[in-house]
Amino acid sequence: MGAMTIWTVAPEPFDSPVATALWRAYYTEVSDRWYLVHEGRRTDPDELEREIAARTGSELAPPTGQLLVGRYGGEPAGSAGVRLLEGGSAELTRVFLYVGMRGRGGAALLVRAAEDAARALGARWMILDTRGDLVEARALYARLGYEETERHNDEQYAEHWFRKPLS
């Protein structure tokens, strides 16, 4: 393993070029997966642009949120976001790694960094939702100590809900 082949995780402005590129790649992948499963096609390009632009990620900014970017050997590789909710919970969101960066331990690192960020914001619990077809994500969360719970939101595409104590 070369000296540069190492993970770093640091806060990133939600609207930086790096953050924007990661969000675009993330949204494109999960949207295309959904449409391929349900309609046998990729996302309509106009819809894709609309949705990416509509979700700025502005909630992932201090003082009530944080976006983290993981870099592998100095290159942007993935993200994780956290935002404070009512009642001592924080939501984990935008957990994503570029396809070529997967399988190197980065996802667990990003989630743990997000948990630390949530603790720093005063959260006592982390919650998240994900979809049935995102099997890798569900396996990751289970491995990191998240327990599946009842529905906690009305997200259109959410099919599985998880929580974990941060204390």
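Analyst: A residue is called buried under 20% relative accessible area, exposed over 50%, and partly exposed in between, using a 1.4 Å probe and protein chains only. This is a predicted model, in which local features need pLDDT of at least 70 and side-chain atom pairs count only at pLDDT 80 or more, whereas totals for chains, interfaces and linings use all residues. Residues are numbered from 1 along each chain as its sequence is written, and side-chain values use heavy atoms, with hydrogens and water left out.

User: Is F96 buried or exposed?

Analyst: F96 has a relative accessible area of 6% and is therefore buried, while Y98, at 24%, counts as partly exposed.

User: How many aromatic pairs does a search of the whole structure find?

Analyst: Rings of Phe, Tyr and Trp (its six-membered ring) pair if their centres lie within 6.5 Å, and planes under 30 degrees apart count as stacked, over 60 as edge-to-face and the rest as tilted. The search finds 8 aromatic pairs; one of them joins F96 and Y98 edge-to-face, at 5.7 Å centre to centre with 80° between the planes. Ring pairs also link F96 and Y98 with W23, Y26 and Y27 in a cluster.

User: Which charged end sits over the ring of W23?

Analyst: A charge sits over a ring if NZ of Lys or CZ of Arg is within 6 Å of the ring centre and within 35 degrees of the ring normal. For W23 the charged end is that of R94, 3.6 Å from the ring centre, and R163 is placed over the ring of W125 at 3.4 Å from its centre.
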